[in-house]
Amino acid sequence: MNLVWKLLRQHISISQFAGFAFANLFGMLIVLFGFQFYQDVLPVFTQQDSFMKADYLIMSKKIGMGNTISGRTNSFAGSEIDEISSQKFVKKIGKFTSTEYKVDASMGVNGVNVLNSELFFESVPDGFVDVPLKDWKYEPGAHEVPIILPRTYINMYNFGFAQSHSLPKISDGLMGMIDFQIFIQAGGKKEQFKGKVIGFSSRLNTILVPQAFMDWSNQEFAPDNHSDPTRLIVEVGNPADENISQYLDNHGYEVETDKLDAEKTTYFLRMIVMMVMVIGLVISALSFYILMLSIYLLVQKNSSKLENLLLIGYSPAQVSKPYQILTMGLNVAVLIIAWVALFFIRNYYMDFIEALYPDMEDGSMLPAFGLGSVLFLIVSLLNIVAIRRKVGNIWKRKE
């Protein structure tokens, strides 16, 4: 085989093989990046709040200029709630209950005061909150209240306050670091409570407390006040049911859920990633063509000498082996460099994703490793077969 190597080295075009390596690397990197990025970003659009039911809609009335001018209320009357609950797509319905009194709250992390503001709480029936009963339980008169915070609060803290004050960032696993104090003053009464944060919601823009606390505190601090709900929480069988959209449009309602938007976003994300991967595959196919063209030219230049090697007893497999090793070596080098480059690229964009969604699982590069290995095997097998066929043609000509 040393004779074949000597013949191979005489006619190798460095520029041709460098062109193949660069094109193959570029195409491989595009394919692996598109696939890995899709796997890493998909949970952002598909993850659900771990404590809320999956198939629900938060319904409210549309607020337009007509409502503002006429002064019409945007609350739901009992008859409207009954009509909504009678729809076939509705499995269960609940009302948002708001505080009828003034609430002041402060939030601290590691002894540093982060928030002082007047807030309001809301509650929904406990059946819509998917947490263990022991965590979402309130005994009337107790001074510790379970609460669920909007994730926007934590994002503002993580990206603003925490960075500027060198404080630790908060994720779902570090909720115990939050010191949440509640101050209620109404009806001549004044009370202080400790809020126990048990979760964050990316689908609700309100501070949620147990229904038992809401009922007790409204009766305790504002017994004479009552207001109709302005939002409803509705559990449905299929959020993508066309009847839901038609009903909402016909009655002037809107939903504050991102479930349908997330499904659309995921679809478009999948389409974009597929387009990127197709482009990468086309580039890889062109690079494969460049490599095979280079190998064919190399074999053609050495055809007479290779024919002589076959005549003196070398088998087609022995003659093909150096060319196959060369292509395999190039493919291995391209794959390893693509993996290394993807590792640094992924670390770069994952820093941004994890900063935005600190509770999201880090994932791994196994998808890229798996896909890269499959592509390597396919391309290498095609290279081996093509080279073997080319040398086989010389063998047939010899015969």
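Analyst: Start with the record. An unreviewed UniProt entry lists residues 12–38, 267–299, 325–345 and 365–387 as "transmembrane region". UniProt positions follow the numbering used here, feature names are shortened, and annotations may be inferred rather than shown by experiment. Residues 325–345 are 100% helix and 0% strand, with end C-alpha atoms 30 Å apart. Residues 365–387 are 96% helix and 0% strand, and their end C-alpha atoms are 33 Å apart. Helices (H or I, at least four residues) and strands (E, at least two) are DSSP runs, numbered from the N terminus.

This is a predicted model: local features need pLDDT of at least 70, side-chain atom pairs count only at pLDDT 80 or more, and totals for chains, interfaces and linings use all residues. Residues are numbered from 1 along each chain as its sequence is written, and side-chain values use heavy atoms, leaving out hydrogens and water.

Now the core. The largest nonpolar core has 25 residues. Such a core joins buried Ala, Val, Leu, Ile, Met, Phe, Trp, Tyr and Cys residues through side-chain atoms within 4.5 Å; buried means under 20% relative accessible area (1.4 Å probe, protein chains only). Among the residues with the most contacts inside it are Phe 121, Phe 180 and Phe 193. β4 (103–109), β7 (144–150), β8 (178–186), β9 (189–201) and α6 (211–221) each supply at least two core residues. β8 gives the most, five.

Beyond its neighbours within four places in sequence, Phe 193 is in contact (heavy atoms within 4.5 Å) with residues including Tyr 138, Phe 180, Ile 184, Phe 213 and Trp 216. Another core, of 17 residues, lies apart and includes Leu 29 and Trp 339.

Terms used:
Buried means under 20% relative accessible area, exposed over 50%, partly exposed in between (1.4 Å probe, protein chains only).
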